[in-house]
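Please keep the sequence and the structure in view while reading.

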Amino acid sequence: MLRVISFIGKVEEKTTTILRIQVSNGYRFGKENAKINTGGTACVLVGQPLDTVKVKMQTFPHLYKNGLDCFKQTVVKEKVRGLYVGTIPALAANIAKHSVLFCAYGVCQNAVKYFVKKENIQDLNPLENAGAGFFAAFFSTFSLCPTELVKCRLQAMRETSSANAISKQRIGPWMLAKEIFKNEGILGFFRGFGVTIVREMPGYFFFFGGYELTRILLTPEGMKKENIGLLRTIFAGGVGGVSFWLAIFPADAIKSILQISRGNDSTIGVTKEIIHKEGFRALYKGLGPTLLRTFPACGALFAAYEYSKDFLHFVTGCPKNL
């Protein structure tokens with residue numbers, strides 16, 4: 001009888017431990033995503049005006065002299081709210097993308113750790129972290145492409161509208177999504193998917209690689225990179241964001257043009273046409289406003305990510321090498 005009671009007690013103890021681990025992991029996942037989403041929302045709300053300027057300059061480079069001219073014309077013709085057109089799909093894109101990206105990044109880090117035969121994720125070097133980011137971006141592209149397409153079309157709505165279709169300037173994201181589905185089907189939301197992958201995967205190689213390398217360079221002797229402090233983490237995140245855009249901005253310009261186009265143009269055809277008509281420099285139109293927006297935005301994003309991880313490890317008691 002005593003053996004039976006002892007066995008039941010051990011079973012209950014193991015069951016309780018398993019449930020505690022599951023609850024802890026679920027809490028960690030939800031809390032980390034909440035932090036990423038909060039940071040991502042703030043980034044969009046602050047950076048949306050400059051993102052609108054970027055898209056307009058990429059898709060209609062001949063209409064604007066520079067970023068300031070584009071900003072002024074948008075405010076004059078569309079009021080301040082014109083700078084925030086596409087905010088809802090931008091929020092959806094940002095939240096979905098970063099949730100998938102950072103979750104996939106953790107999984108890919110573990111996979112890289114296994115292949116290079118290292119004990120902890122913290123032991124990965126910048127190149128190995130960059131590789132994890134490269135593969136993680138593949139998964140986030142599926143959630144990004146449809147929302148980015150809606151955002152870009154809304155942001156360039158005034159320029160693409162003809163004189164007898166003024167009502168289209170006031171179309172909302174949901175109505176535009178319905179129109180895309182009606183006219184182009186579900187595949188219409190994935191227009192420019194190929195060039196989006198070309199942008200995202202190499203881009204996040206430099207994004208995470210630049211971030212990790214900067215963290216190492218900013219780490220004082222005798223200290224771990226995880227303990228460099230808030231300001232250094234923000235700066236490293238900003239460098240990661242700048243590295244991303246410098247590496248892939250031409251691909252982003254081509255993607256924006258493809259996504260607002262209603263024709264059947266190919267990626268190669270669009271690239272040739274841009275270079276022939278506007279020159280190679282046209283592929284970098286809007287880079288200034290983008291870098292201005294990216295540095296603080298990515299700094300805040302990485303700060304939220306890193307400090308939420310520390311908080312979760314503290315609350316759940318999970319070891320930091322998980």
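Leaving aside its neighbours within four places in sequence, Gln58 is in contact with Phe249, Asp252, Ala253, Ser256, Ile257 and Lys285. The model examined here is a predicted one, and in it Gln58 lies in helix α1. With a relative accessible area of 1%, Gln58 counts as buried, because that value is under the 20% that sets the limit for the word.

## Salt bridges between helices

Side chains of opposite charge can pair when their charged atoms come close. In this model the count comes to 16 salt bridges. One of them is formed by the side chains of Asp51 and Arg293, with 3.5 Å from N to O. That pair links distant parts of the chain, since Asp51 belongs to helix α1 (residues 2–59) and Arg293 to helix α10 (residues 287–316), 242 residues apart. Asp51 is buried, with a relative accessible area of 8%, and Arg293 is buried as well, with a value of 17%.

A second salt bridge joins the side chains of Glu78 and Lys56, at 3.1 Å from N to O. Here too the pair links distant parts of the chain, with Glu78 in helix α2 (residues 67–78) and Lys56 in helix α1, 22 residues apart. Both Glu78 and Lys56 are buried.

In a further salt bridge, between Arg153 and Glu184, the closest N and O atoms are 2.9 Å apart. This pair also links distant parts of the chain, as Arg153 sits in helix α4 (residues 126–155) and Glu184 in helix α6 (residues 173–184), 31 residues apart. What is the relative accessible area of Arg153, and is Arg153 buried or exposed? Arg153 is buried, with a value of 3%, whereas Glu184, at 30% relative accessibility, counts as partly exposed.

Some salt bridges share partners, and in this way Asp51, Lys54, Lys97, Glu148, Lys151, Arg199, Glu200, Asp252, Lys255 and Arg293 are joined into one network. Asp51 and Arg293, the pair that links helices α1 and α10, are therefore members of a network that also includes Asp252, a residue in contact with Gln58.

## The two faces of helix α9

Helix α9 (residues 267–278) has twelve residues, which at 1.5 Å a residue should span 16 Å, and its end C-alpha atoms are 16 Å apart, in agreement with that expectation. The buried residues of this helix are Val270, Thr271 and Ile274. Seen down the axis of α9, these buried residues fall within an arc of 100 degrees, so they line one face of the helix.

Which exposed residues does the face of α9 turned away from its buried side carry? They are Ile268, Lys272, His276 and Lys277. On the buried side, the cover of the buried residues includes α8 (230–260). After α9 comes Gly279, whose phi is positive, near 90 degrees.

## A nonpolar patch on the surface

On the surface, Val100, Phe138, Phe139 and Phe142 form a nonpolar patch, and together they have about 340 Å² of accessible area. The largest share of this patch, three residues, comes from α4. Val100, for its part, has its place in helix α3 (residues 87–115), and at 31% relative accessibility Val100 counts as partly exposed.

Note on methods:
Residues numbered from 1 in each chain as written. Predicted model: local features only at pLDDT ≥ 70, side-chain atom pairs only at ≥ 80, totals over all residues. Heavy atoms only, no water. Salt bridge = Lys/Arg side-chain N within 4 Å of Asp/Glu carboxyl O. Helix = DSSP H or I, 4+ residues; strand = E, 2+ residues; numbered from the N terminus. Buried < 20%, exposed > 50% of the residue type's maximum accessible area, 1.4 Å probe, protein only. Expected span 1.5 Å × (residues − 1). Arc of directions from axis to C-beta. Contact = heavy atoms within 4.5 Å. Patch = residues over 30% accessible without salt bridge, like charges linked within 9 Å, V, L, I, M, F, W, Y side chains within 5 Å. Areas by Shrake-Rupley, 256 points an atom, 1.4 Å probe, with all protein chains shown as cover.
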